[in-house]
Amino acid sequence: MALLQIKAFFVSNGASDYGLHKLDSWVDDRSANCCGWDLVKCNPLTGHVSDLSLAKLHSIFADGYLFLNGSLFLPFEDLRGLDLSLNWFHGFVEDEGKSRDLDDILEF
């Protein structure tokens, strides 16, 4: 479900054509295995999401500025890699998630 929230974030904020195409495999189906979705890698031992390659999902031509809500990534406790490059973020919004330290997730 957390991956679908990320998809909704990019789609509602002007996803690029590339982004829309890459996110097509992210479907709201309880029987779907997200480890087989584009842009997602999972730890083979735990089955938990370990890497997200979310580069170039937002269009530079989208209206308005894109502010990232880092709390979208809080559910991914095993996340080790996160590529957010070339999304043209203008900044970040306040943490709206659990108490997990975002610095552990968003290491720039």
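Q: Which element gives the most to the lining of the largest pocket?
A: Helix 1 does, with three residues. Keep in mind that this is a predicted model.

Q: How much space lies in the largest pocket, then?
A: About 350 Å³.

Q: And which residues lie nearest its centre?
A: M1, A2, L3, C34 and V49, out of 18 residues that line the largest pocket.

Q: What share of the residues is buried?
A: Of the 108 residues in the chain, 38% are buried.

Q: And how much of the contact set comes from residues 24 or more positions apart?
A: They account for 65% of the contacts in the chain that have a separation of 6 or more.

Q: What about the surface, how much of the accessible area belongs to carbon and sulfur?
A: 50% of it, with the accessible surface of the chain at about 6,800 Å².

Q: OK, helix 1 again. Which of its residues are buried?
A: A2, L3, L4, I6, F9 and F10.

Q: What covers them?
A: The cover for the buried residues of helix 1 includes strand 1, strand 2 (49-53), strand 3 (66-68) and strand 5.

Q: What follows helix 1?
A: G14 does, and its phi is positive, near 90°.

Q: New topic: how many aromatic pairs does a search of the whole structure find?
A: Three. One of them is F10 with F89, a tilted pair with 6.5 Å from centre to centre and 55° between the planes.

Q: Where do those two residues sit in the chain?
A: F10 is in helix 1 (residues 2-12) and F89 is in strand 5 (residues 89-92), so to say in distant parts of the chain, 79 residues apart.

Q: Is F10 buried or exposed?
A: F10 is buried, because its relative accessible area is 1%. F89 has 25% relative accessibility, so F89 counts as partly exposed.

Q: And why do W26 and W37 count as stacked?
A: Because their planes are at 25°, and the cut-off for stacked is under 30 degrees. The ring centres of W26 and W37 are 5.8 Å apart.

Q: Where are W26 and W37?
A: Both lie in the loop between helix 2 (17-22) and strand 1 (40-42), 11 residues apart. W26 and W37 are both buried, too.

Q: Which residues do ring pairs link into a cluster?
A: F9, F10 and F89.

Q: What sits over the ring of Y18?
A: The charged end of K56, 5.3 Å from the ring centre.

Q: Where is L39, and is it buried or exposed?
A: L39 is in the loop between helix 2 and strand 1. It counts as buried because its relative accessibility is 17%, with the cut-off at under 20%.

Q: Which residue has a positive phi near 60°?
A: W88, which isn't a glycine either. W88 lies in the loop between strand 4 (81-83) and strand 5. With a relative accessible area of 47%, W88 is partly exposed.

Q: What about S85, where does it lie?
A: In the loop between strand 4 and strand 5. S85 is partly exposed, at 34% relative accessible area.

Q: Which residues does S85 touch?
A: Leaving aside residues up to four places away in sequence, S85 touches A55 and K56. The C-alpha atoms of S85 and A55 are separated by 4.7 Å, while the two residues are 30 apart along the chain. K56 is also the residue with its charged end over the Y18 ring.

Q: Last one: where does R30 lie?
A: In the loop between helix 2 and strand 1. R30 is exposed, with a relative accessible area of 74%.

Q: And what separates the C-alpha atoms of R30 and M1?
A: 8.9 Å, with R30 and M1 29 residues apart along the chain. M1 is among the residues that lie nearest the centre of the largest pocket.

Definitions and conventions:
Residues numbered from 1 in each chain as written. Predicted model: local features only at pLDDT ≥ 70, side-chain atom pairs only at ≥ 80, totals over all residues. Heavy atoms only, no water. Phe/Tyr/Trp six-rings, centres within 6.5 Å; stacked < 30°, edge-to-face > 60°. Helix = DSSP H or I, 4+ residues; strand = E, 2+ residues; numbered from the N terminus. Buried < 20%, exposed > 50% of the residue type's maximum accessible area, 1.4 Å probe, protein only. Lys NZ or Arg CZ within 6 Å of the ring centre and 35° of its normal. Contact = heavy atoms within 4.5 Å. Areas by Shrake-Rupley, 256 points an atom, 1.4 Å probe, with all protein chains shown as cover. 1 Å grid on protein atoms, 1.4 Å probe; cavity = no way out; pocket = protein on both sides within 12 Å on 5 of 7 lines; lining within 4 Å. Points joined across faces, edges and corners; volume = space filled by probe spheres on them.
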